[in-house]
Amino acid sequence: MLSTKAQDVLKKFPDAKRDSLIPILQEVQEADGYLSKQAIIEVGRHLKLSASKIYGVATFYNQFRFYKPGKLTIQVCRGTACHVKGSAKILDTIKQELSIDAGQTTKDGLFSLEVVACIGVCGLAPVICIEGEFHANVLPENIKNILDSYRKKVSQDD
Amino acid sequence: MISIDVNGKTVEARKEEMLLSALKRAGFEIPTLCYLEGLTPTGACRMCVVEVEGVPGLVPSCAYPVFNGMKVQTHSKRVMVARKTIVELLLADHPDDCLYCVRNNNCELQTLAATLGVREKVYQGKKNKYKIDASSPSIVRDPSKCILCGRCVRVCEEVQNVSAIDFTGRGSSTVVSTAFDQGLNVSSCINCGQCIMVCPTGALREQSYLKDVINALKDPNLHVVVQHAPAVSVSLAEEFGIKAGTDIDGIMTAALRTLGFAKVFDTSFSADLTIMEEGSELVQRIKTGGKLPMMTSCSPGWIKYVEQFYPDFIDNLSTCKSPQQMLGAVIKSYYAQTNGIDPKKIFSVSVMPCTAKKFEAERPEMGRGAVQDIDAVLTTRELAELIRLYGVDMNGLTTSLPDNPFGQRSTAGKLFGASGGVMEAALRSAYFLLTGTEMAELDIKEVRGMKGVKEAKVKINGLEIGVAVVSGLSNAANLLEQIRAGRNDLHFIEVMTCPGGCIAGGGQPFNANTDAVIARMKGLYKIDKSEPIRVSHKNESVLKLYKEFLGEPLGHKSHELLHTKYAKRQVVQ
């Protein structure tokens with residue numbers, strides 16, 4: 001079933017045509033946090049477009065995601081400066097530590113992992129950003145500690 | 001008409017047409033990859049670039065309108081370098097495994113690389129690797145071989161109105177895929193295979209059942225029989241360099257025997273059987289106020305299309321199985337009984353111009369218990385492959401007749417291979433069923449030809465019957481929308497999934513242009529003109545089958561073996 005919030009979005013666009021596709025997808029994502037399969041199919045029905053077409057358009061843009069985000073989103077910068085300072089290794093370490101790929105959420109729903117082109121703080125390279133908090137000059141051996149500190153924080157909050 | 005200058009020659013062009021069509025008409029060879037006649041030009045591949053005087057860059061001629069006095073160079077140095085570079089770049093992300101490819105020697109990319117003189121790997125780097133999608137019983141997708149021309153996407157959307165696939169992702173990670181990258185088997189794909197027909201490379205191919213057939217032929221415990229669809233005998237010749245439209249029925253039958261099939265049956269026989277059932281069903285629906293308009297059910301792509309997109313029309317579909325399935329059913333019942341063969345030991349093969357028939361044969365309702373009506377479906381192309389594999393010399397064969405009891409056919413049954421054929425055959429017999437006399441003029445010209453929509457009014461016993469014949473599912477969708485909106489002058493509608501009917505099916509020989517498809521169609525009508533038995537209800541073998549086994553059309557036994565039902569189908573749409 002489509003979430004109530006996503007249904008409300010569609011109600012806001014009663015006679016929409018295909019040129020409203022991207023605004024609708026943006027609003028659905030804002031409401032649900034991501035684009036679910038059901039949402040893509042329903043948006044397709046609403047606009048009389050096939051699911052493959054909606055999926056095609058949505059995958060063209062980096063702004064859309066297709067998985068339910070975790071409680072905490074980790075962004076790994078893969079910009080030029082971070083790359084030179086070893087961000088590929090940082091990304092690999094995080095993937096291993098969490099057993100997920102970029103664009104996925106851990107099974108416990110805690111972390112999701114995103115790769116971003118450049119966060120814009122090249123002086124701090126390599127940099128990762130977890131829920132808006134920046135971690136500068138990260139080393140692969142620090143990753144476990146950083147992630148553990150968030151795990152601890154979340155379990156205390158719960 | 002306006003005139004343009006091409007390589008120093010004056011060429012006539014139609015106002016507002018695209019440059020490429022003017023160039024082609026004038027006989028200039030322009031290489032293309034993404035271009036498809038009749039569909040929206042996209043200019044995606046840039047192969048057809050030419051130089052136009054006064055225009056700064058090269059222009060894609062497929063998407064560039066002509067203007068009066070334009071001066072065009074089709075093979076200038078700049079153009080040649082550009083075309084060659086395009087192919088080199090495409091090859092940079094293409095697997096170098098032509099020897100192992102299903103399209104080896106029959107690939108547009110390979111041909112272009114050869115024609116343009118590509119002789120070294122200019123660009124080398126990491127290639128994209130994708131999983132092969134073999135989930136569908138009909139079609140296999142191998143995105144690693146895809147060059148992103150988009151022909152399949154456009155055919156699926158514009159011709160078939162299905163849109164099971166589209167471009168996903170962006171830049172170097174763009175890939176043609178289904179919604180959510182799921183298998184074709186759970187997508188809205190109707191298995192028609194028109195995507196395979198337009199694919200310039202081996203990125204799309206049929207799911208092959210050759211191995212199963214070869215293994216069955218080797219198995220001494222199996223009784224392996226084969227049937228071939230009406231459209232196959234007028235198309236197979238092209239695979240062996242014979243002119244399109246040549247009917248090689250007798251040679252093909254001989255070849256099938258040489259390959260080791262115990263019996264060679266003709267699906268046109270069961271096309272006649274279909275007419276007896278479907279014609280009776282139409283008469284019954286008209287007489288008893290049943291659901292009208294009745295719609296044909298021979299084309300399995302169309303059936304899946306209705307189940308997915310127009311389930312409110314399911315009751316309009318004839319309950320008749322397709323000729324392939326009808327013959328499969330009587331082979332494993334009547335034939336098995338009369339010859340004392342255990343149906344479980346019969347391996348029933350069909351040769352079809354179609355990829356959707358592979359899906360149809362696997363439908364769970366197409367059999368009784370563990371016994372499926374049909375065990376393996378080969379396309380026309382796969383049959384040619386089998387013939388070559390076993391070194392059967394098509395020129396050295398003496399023609400052979402098909403086997404009883406399913407070898408005899410009327411020419412009406414043969415017409416099933418062309419759009420309009422089922423309608424013509426059905427009307428000939430419905431007329432007889434309603435009046436007890438034969439139609440004075442058996443040719444029903446209004447329903448013949450390549451047009452996507454054909455309509456006629458036929459008077460039988462003072463009753464005016466409205467009929468429509470459509471091929472290509474976007475045409476079918478238009479008609480269904482008209483009926484939803486209240487149109488009610490039609491009694492009977494023939495729908496073929498592929499434009500022009502089975503002769504242009506997704507399992508047919510490659511490289512057939514419209515002329516070749518028309519030649520195949522003419523081949524069928526030539527047969528209809530030249531033989532004496534032209535109506536299904538005069539097929540002696542069909543009548544004998546009713547007398548000895550089935551009883552009467554729409555009878556108890558017929559319902560059990562020859563009819564089926566459909567249900568709303570949930571897929572990702």
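Is Asp489(B) buried, partly exposed or exposed, given its relative accessibility? At 30% relative accessibility, Asp489(B) counts as partly exposed; buried means under 20% relative accessible area, exposed means over 50%, and partly exposed lies in between (1.4 Å probe, protein chains only).

This is a predicted model, in which local features need pLDDT of at least 70 and side-chain atom pairs count only at pLDDT 80 or more, while totals for chains, interfaces and linings use all residues. Residues are numbered from 1 along each chain as its sequence is written, chains are lettered from A and ligands numbered from 1 in the order in which they are written, and side-chain values use heavy atoms, with hydrogens and water left out.

## Chain A

Chain A contains seven helices and four strands, where helices (H or I, at least four residues) and strands (E, at least two) are DSSP runs numbered from the N terminus. Along the sequence these elements follow the pattern α-α-α-α-β-α-α-β-β-β-α. The C-alpha trace of chain A spans about 55 × 40 × 20 Å along its principal axes.

Of the 158 residues in chain A, 43% count as buried. The accessible surface of the chain is about 8,700 Å², and 51% of this belongs to carbon and sulfur atoms; such areas come from the Shrake-Rupley method with a 1.4 Å probe, and for residues only the protein chains shown count as cover. Among contacts in chain A with a separation of 6 or more, 60% involve residues 24 or more positions apart; contact means heavy atoms within 4.5 Å.

Helix α3 (residues 37-47) of chain A has the buried residues Ala39(A), Ile40(A), Ile41(A), Val43(A), Gly44(A) and Leu47(A). These buried residues pack against α1 (4-12), α2 (21-32) and α4 (51-60) of chain A. Just after α3(A), Lys48(A) takes a positive phi of about 55°.

Thr106(A) is found in the loop between α6 (87-98) and β2 (111-116) of chain A. Thr106(A) is buried, at a relative accessible area of 9%. Leaving aside residues up to four places away in sequence, Thr106(A) touches Leu98(A), Ile100(A) and Phe111(A).

## Helix packing in chain B

Two packed helices are described by the angle between their axes and the distance between the axes. In chain B, helix α8 (residues 267-288) and helix α10 (residues 323-338) pack at an angle of about 100°, and their axes are 8 Å apart. The axes are lines fitted to C-alpha atoms, for helices over the stretch in contact, and angles run from 0 to 180 degrees between N-to-C directions. α8(B) and α10(B) are therefore roughly perpendicular to each other; angles of 65 to 115 degrees count as roughly perpendicular, under 35 as roughly parallel, over 145 as roughly antiparallel and the rest as oblique.

On the α8(B) side, the contact is made by Thr267(B), Phe269(B), Ser270(B), Ala271(B), Leu273(B), Thr274(B) and Glu277(B), and on the α10(B) side by Pro323(B), Gln324(B), Met326(B), Leu327(B) and Val330(B). The residues of this contact divide into seven nonpolar, four polar and one charged. Ala, Val, Leu, Ile, Met, Phe, Trp, Tyr, Cys and Pro count as nonpolar, Asp, Glu, Lys and Arg as charged, and the others, Gly among them, as polar.

## Salt bridges

Side chains of opposite charge can pair when their charged atoms come close. Over all chains, the structure holds 48 salt bridges, each being a side-chain nitrogen of Lys or Arg within 4 Å of a carboxyl oxygen of Asp or Glu. Three of them are listed below.

| Glu206(B) | Arg381(B) | 3.0 Å |

Glu206(B) lies in strand β9 (residues 204-206) of chain B and Arg381(B) in helix α12 (residues 380-389) of chain B, so the pair ties together parts that are 175 residues apart in sequence. Glu206(B) is buried, with a relative accessible area of 8%, and Arg381(B) is buried at 5%.

Asp528(B) lies in helix α16 of chain B and is buried, with a relative accessible area of 1%. The residues that Asp528(B) touches include Thr411(B), Ala412(B) and Leu415(B), not counting residues up to four places away in sequence.
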